[in-house]
Amino acid sequence: MSDRTKPRKPKPSSSSPPLSPTIALTLKMARRSLLKPTLATAFLSLLFLYALFHTLLTPSPSPSPSSASAAIDLSPSPPSAPKIYLYDLPSKFTYGVVRSYLRARGSPVPANDADIRYPGHQHSAEWWLLSDLARPPTARSPNSPLQLTLDPDEADLFYVPFFSSLSLVVNPIRPGGTDIAGGGGGSTAYSDEGMQEELVEWLEGQEYWRRSRGRDHVIMCQDPNALYRVIDRVRNAVLLVSDFGRLRADQASLIKDVILPYSHRINSYKGDVGVEGRHSLLFFMGNRYRKEGGKVRDTLFQILEDEKDVVIKHGTQSRESRRMATQGMHSSKFCLHPAGDTPSACRLFDAIVSLCIPVIVSDYIELPFEDVINYKKIAIFVDTISAVKPGYLVSKIRKVSNERILQYQQELKMVKRYFEYEDPNGTVNEIWRQVSSKVPLIKLMINREKRLVQRGRDDPDCSCICSKQNGTISIRK
């Protein structure tokens, strides 16, 4: 066939859109692929990967606010705070106790409850907790771990605001302030034991106490002897205590109850950390002679009273003693905390708010808020056997460098608010947080009792963990 008879390829129309360089290059390479398939395949693979990575790495536009709010949130909702109901106890269990205390000492007695102030006392936690719950719900701290409810049917917890510690030290008195040594005289004396009995009778008449046998009730007994006459009748409740020194393992435990700090009796230190101005090495001021575990105090007095840079004084509670203790703690690097009649005392918390490093000689002490405070960072612990060896205690703390002292003080400053009852985010909130953490166990125990065969009053339970009484073992490393 001649060249003329061969059909000619049609020319592209001028109206056809021009090919993009990329497509033209691709077609050109496709024609060459008939001769070099390996090279074409490699190139096309690279081109595909480039397009893929370009797409993945290019940020997508941010969603509009409306589309973001429409997105599904799969995170669990935070649980609401447990609700607590404040019992409206007869006034004789609260403000009436303060009136009796004032009357016993010949002090003016306010007629109106609003004018009453709690006496300066290391057990004033009972006043602070009632004051917090007695506020209108809208006036309480929004950060409180417990919601106040006015409806007992929706409450998880019930607070019993008896001033049990103050009641203990009022007894016995005669109206008008005359102390009674042996009764008589025809006057009606204030009786702490009688108040305890009346309180329990009142509680046992309440529907909400009976339905849980008191397990969801919260009762203050901070003084080691508070409620001693009726403690077995209220032992199911959440007890707010300072330690377990005079409580049996079947009455109180770390699992069920809450350890409280004493109210500090001296003024907080307002200065900054530092060793300048703290000229004494070690300071202690308190009663030299105590009972039980506190007998170690007399031995420590004998060992330490002649040591250089150590101030150790016998003193009792008074305004002048508090002034001297404030000055001594604020000007000392370390403050001694030996056991008293029970393992703990307010002196420890005086030291903390003074930024005076506590030296704790108390083998069975329990401490508040240990889930958030590591006391090894703010205090030095010395077992009793070692502490009474001549020269041991002073030698140990003399080895602590100034740099380490500053570290202790920094940690003390960070945790000081946990021991300030007047701080809106301080002790009261921490106590309520501890109480709120007991709610799941309370519900467990209430439901568990509904299915168990009734046990005897003295049958062992499985809900106790404490220190000395039920043999928790301390392992020293």
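User: Which strands does helix α11 lie across?
Analyst: Helix α11, residues 319-330, lies across β9, β10 and β11 and runs at about 160 degrees to β9, where angles run from 0 to 180 degrees between N-to-C directions of axes fitted to C-alpha atoms, for helices over the stretch in contact. Helices (H or I, at least four residues) and strands (E, at least two) are DSSP runs numbered from the N terminus. This is a predicted model, in which local features need pLDDT of at least 70, side-chain atom pairs count only at pLDDT 80 or more, and totals for chains, interfaces and linings use all residues. Residues are numbered from 1 along each chain as its sequence is written, and side-chain values use heavy atoms, with hydrogens and water left out.

User: What order do the strands of the open sheet come in?
Analyst: The five strands follow the order β10-β9-β11-β12-β13, with parallel pairing; two strands pair if DSSP finds at least two bridges between them.

User: And why is one side of β10 and of β13 left without a neighbour?
Analyst: Strands β10 (310-314) and β13 (380-381) stand at the edges of the sheet and each has a single partner strand, so one side of each has no neighbour there.

User: How many bridges join β9 to β11?
Analyst: Three bridges join β9 (residues 280-286) to β11 (residues 332-338), and the bridge partner of L282 in β11 is F334.

User: Which strands does helix α10 touch?
Analyst: Helix α10, residues 296-304, packs on the sheet and touches β9, β10 and β11, its direction making about 135 degrees with that of β10; contact means heavy atoms within 4.5 Å.
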